Amino acid sequence: MKNIFLLSIVGLFLISCSGDSKNSMTINGTIKGLKKGTLYLQQLQDTVLVNLDSLEIKGHGDFSFNTPIENPDIYYLYLVKNDHNDINDRITFFGEPGIITVDTAWDTFDTSVKITGSKTNEKLEEYKKGMSRYNTKNLEILQMRFDPKVNKDSLALDSLIKLSDKNIYRSYAYALNFALNNKDSYIAPYIAVKEVADANMKYLDSINKMLTPEVAASKYGKELQKYLEELKKEK
């Protein structure tokens, strides 16, 4: 009888933990080589970057944060390490309920990071990897436009402008197709409202109509729906 009672208590505890995990996010990780610094967990709230939590790190780079979460959303890990260098100090990731693991190094904080435990963040990384080739091409075109010889050649300049427009068009096509092909991921409405909001309304509407009910009911799903309603009113 005693064993049955203990099993019941354990069962209730597991159910309770499971229920909590649906409304909370735990971020565990290690920053290799970090001896001293302050790590912040941040989120944009009404266009303002808010510190949700912070941790003083001394002697080792292990850290852990736990925060309530209603919808999958973009979060940031910001490291202040007193090296008089503001570059390479912030990691951007798509957070969601559950346990997320973040491993990186203090000197390559945002470039060597490995994040596991968030399916939406995996999609975000996949999207960013595909988009990087268009961003690289934009930088190459921009550098060529600053060439004094090109600025004096109207034909060459016109050719670069056309090349830039073509590259932008292709980047939009990639973003829209990625969203359409991931209708069951929270990344789809995020791309629509944060990456290509100025795209043709019919494409954004197509993304909105294809979203699964769960994704449509999320933060970015609701933002997309509201945005489309506002666009339609303007017409």
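1. Helices and strands come first: this predicted model holds 8 helices and 8 strands. Of the 235 residues in the protein, 36% are buried.

2. A word on contacts and surface. If you take the contacts between residues at least 6 apart in sequence, 58% of them join residues at least 24 apart. The accessible surface comes to about 14800 Å², and carbon and sulfur atoms account for 54% of that.

3. Do look at M131, though, where helix 2 bends by about 35°.

4. M131 is also one of the buried residues of helix 2, a list that includes L124, Y127, G130, Y134 and I141. The buried residues of this helix pack against strand 5 (73-80), strand 6 (90-95) and strand 8 (114-116), as well as helix 4 (154-180) and helix 5 (187-194).

5. Next, the nonpolar cores. The largest one has 30 residues, and Y190, I191 and I207 have the most contacts inside it. Two or more residues each come from strand 5, helix 2, helix 4, helix 5, helix 6 (201-210) and helix 8 (219-234). Helix 5 gives the largest share, 6 residues.

6. Another core, of 19 residues, lies apart from the largest one; among its members are L41, I100, V102 and F109.

Key: Residues are numbered from 1 along each chain as its sequence is written. This is a predicted model: local features need pLDDT of at least 70, side-chain atom pairs count only at pLDDT 80 or more; totals for chains, interfaces and linings use all residues. Side-chain values use heavy atoms; hydrogens and water are left out. Helices (H or I, at least four residues) and strands (E, at least two) are DSSP runs, numbered from the N terminus. Buried means under 20% relative accessible area, exposed over 50%, partly exposed in between (1.4 Å probe, protein chains only). Contact means heavy atoms within 4.5 Å. Accessible areas come from the Shrake-Rupley method with a 1.4 Å probe; for residues, only the protein chains shown count as cover. The bend at a residue is the angle between axes fitted to the seven residues ending there and the seven starting there. A nonpolar core is a set of buried Ala, Val, Leu, Ile, Met, Phe, Trp, Tyr and Cys residues joined through side-chain atoms within 4.5 Å.
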